[in-house]
Amino acid sequence: MELTEKVTVLKGIGPKKAQALEKLEIRTIEDLLTFFPRDYEDRRAFCAIADLQEDRPAFVRAKIELVIKDPYRRGKKQILRLLVSDNSGRLEVVFFNARYLADTFKVGKQFDFFGKPSVNYGKTQMIHPDFSVSEKGLMQGILPVYPLTSGISQKEMRLWQKTALSAAAEMEEYLPEDLILRNRLCDLEYAVCNVHFPKDKKPLLQGKYRLIFDELLALQTGLLASKQKTVGGKNGLVFSKEADVKEYIGTFSYELTGAQERVVAEITEDLESGRVMNRLVQGDVGSGKTAVAEIALYKAVRSGFQGVLMAPTELLAKQHYAGLSRNFADHEIRVGMLTGSMTAREKREVLEQLASGEIQILVGTHAIIQPDVVFHKLGLVITDEQHRFGVKQRAALSEKGDNPHVLVMTATPIPRTLAVILYGDLDVSVIDELPPGRQKIITRAVDENQRDHCYGFVEKELRKGRQAYVVAPLIDESEVLDVKSAEELYEELKARFADQEVALLHGAMKQQQKDAVMTQFYENRIQVLVSTVVIEVGINVPNATIMVIENAERFGLAQLHQLRGRVGRGSHQSYCVLISKGTSEIALQRAQIMADSQDGFYIAEQDLALRGPGEIFGTRQHGVPDLSIADLAKHIKILNDVKKEADLIISEDPFLESEKYAGLKKRIAKLFGEDFSLKL
Ligand code: ADP
Ligand code: MG
């Protein structure tokens, strides 16, 4: 058998099974062997029936004492019960709807069963266990459990894997020897064999380490190499050294924080360097990212280029537009705005002035990606709240110029190790300091019993003239239910705060309606804003001092932190109240983290440990391929080792052109697949 052969060479795989395997992206023997178990079953030793523990899967060897067939009734499931025993005790084995099994079990014969014991009506049972006649068929040892798809059983998959393993010897070692020695990696064939059918726990761990290391190395090296291509390769527009931003900064009503200064210096260096800037600025909510963007835009204009700032929502775009117009007015810089809700005539006017270069800075929503938007001389592209945009949208905006500099800003803090992976093609700057005098937002976690008390507190704040956000319970099933729960809450609070203006905001509303509500809240014509999680990112309402989050247990920590960042933006003390159902260990732990920390990075790390990266950061959207064995949340430590090696490799051979890394290059291509836009 050869690695490149189709899986249909295996016994039992016909066109139907092949089609099912295709769904798992398994076509060749090699695909099969690199399809790894998600878990293992320990079937090394039999467990005495007397020692069985509820819900702990176990392997039992027992004799059939009694076979009980429930009488067949039309339309009813027929139940087959076996009473089996070993020296230590008795067990009931149950199969539902399994008439076809009735003749399999003969009284007095010995069978092996593997299943999860449960206790029902005082009896220990195993429901639908794996089984076979003893000494025949049922595999023993540490057995793999594969993630499957319909049409394929665990049993089949195991059998095919076991057969295919003979081809593992063909897998060539593709990593250089020095790297293998340095990292004490085991042999590739050994790793593959022991990850599928481990001889013991230790070989399993060694094997897994090797394969995780391989996958992360391919990932990291691939991203670094592609970054070399995009960043290292291209000539960039050179912004003028004469365009000194110091003077401009001097006109601010505040001093930049040390972190802002550092990031401005990093950006300035990029802009003057002659290489294309591709930089991510991460900074917690309120850390002052807009000022940094503004400074970069100023430099663009003074260097003779146009700049563009794209925001994810209309309201945020308007806020940026208002701020930039105000600040740039004294410097005779023309700012324009383009959003989806503008009339055709308004748009046409903006487009004309943009094409002629009259408008120097354009602010807008994704409306600015449209093909009819043409710049005169675009030099700098900034996207705010980057996580709302995909890689494609970012690229589309860049194509409006001739390799313009790119700056992306995000308030979603990402642990540094992960940032390198997620934004492999970007340099990362971090604003890790808040402007002075920022108040701590007092955060309390309460359970439902204290709900009434909590709204009593809200009432007091409202009487002082403040405003409040209330985030309605999040419901898994659908947006429709979310809306319903928000509506109920809205009715309740409207009745409760009868002398205040209470409004509702939810995802099913038209953008225009949402904008209208947000604007009224901004102008304090609405005091209590009840909403589903659609509260627009980046919005700034300094008079809002309370954030109440219902069903807080349903939100990720990073999300709670983002929501909390909506308050604490003015001079008044602000509060965040998390109302949770139940008081489980985890709920308490989460509440504690939120109450203790205001540090988005710390919270993100905790969140990552609790939930995993896919869900939080939308790894796919960042061009990170699905991983088959590595897990970016669990394997951060291995990732750190891998990073060192990847850096070494890229410094030695930036484009992986040498024979030494030919195998690695192939492995990278396999991981990233066809749609790896930045082909090596
Ligand atoms: P974010 O990083 O969330 O986008 P913003 O740029 O909106 O934050 O800044 C939040 C607020 O902080 C704004 O009102 C801004 O004027 C103010 N700000 C920014 N930098 C400083 C600073 N160095 N000192 C004082 N206030 C600042
Ligand atoms: Mg912002």
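Two exercises on a predicted model follow, each with a worked solution. Residues are numbered from 1 along each chain as its sequence is written, and side-chain values use heavy atoms, without hydrogens and water. Local features need pLDDT of at least 70, and side-chain atom pairs count only at pLDDT 80 or more, while totals for chains, interfaces and linings use all residues.

**Exercise 1**

Describe the surroundings of ligand 1.

*Solution*

Step 1. List the neighbours. Ligand 1 is surrounded by 15 residues, where near means that a heavy atom of the residue lies within 4 Å. Among the closest are E255, G286 and R438.

Step 2. Sort the shell by residue type. It holds 4 nonpolar, 6 polar and 5 charged residues; Asp, Glu, Lys and Arg count as charged, Ala, Val, Leu, Ile, Met, Phe, Trp, Tyr, Cys and Pro as nonpolar, and the others, Gly among them, as polar.

Step 3. Look for polar side-chain atoms beside the ligand. Q260 has one 2.8 Å from a nitrogen atom of ligand 1. An N or O atom in the side chain of K289 lies 2.8 Å from an oxygen atom of the ligand, and for T290 the distance from a polar side-chain atom to a ligand oxygen is 2.7 Å.

Step 4. State the cover. On its own, ligand 1 has 560 Å² of accessible area, and the protein covers 77% of this (Shrake-Rupley method, 1.4 Å probe).

**Exercise 2**

Is H196 buried or exposed, and which side chain does the side chain of H196 contact?

*Solution*

Step 1. Locate the residue. H196 belongs to helix α5, residues 188-196 (a DSSP run of H or I, at least four residues).

Step 2. Check the area. The relative accessible area of H196 is 0%, so H196 is buried (under 20%; exposed is over 50%, partly exposed in between, with a 1.4 Å probe and protein chains only).

Step 3. Find the partner. The side chains of H196 and Y146 make a polar contact at 2.7 Å (a pair of N or O atoms within 3.5 Å, one able to donate a hydrogen and the other to accept it).

How values were computed
Chains are lettered from A and ligands numbered from 1 in the order in which they are written. Helices (H or I, at least four residues) and strands (E, at least two) are DSSP runs, numbered from the N terminus.
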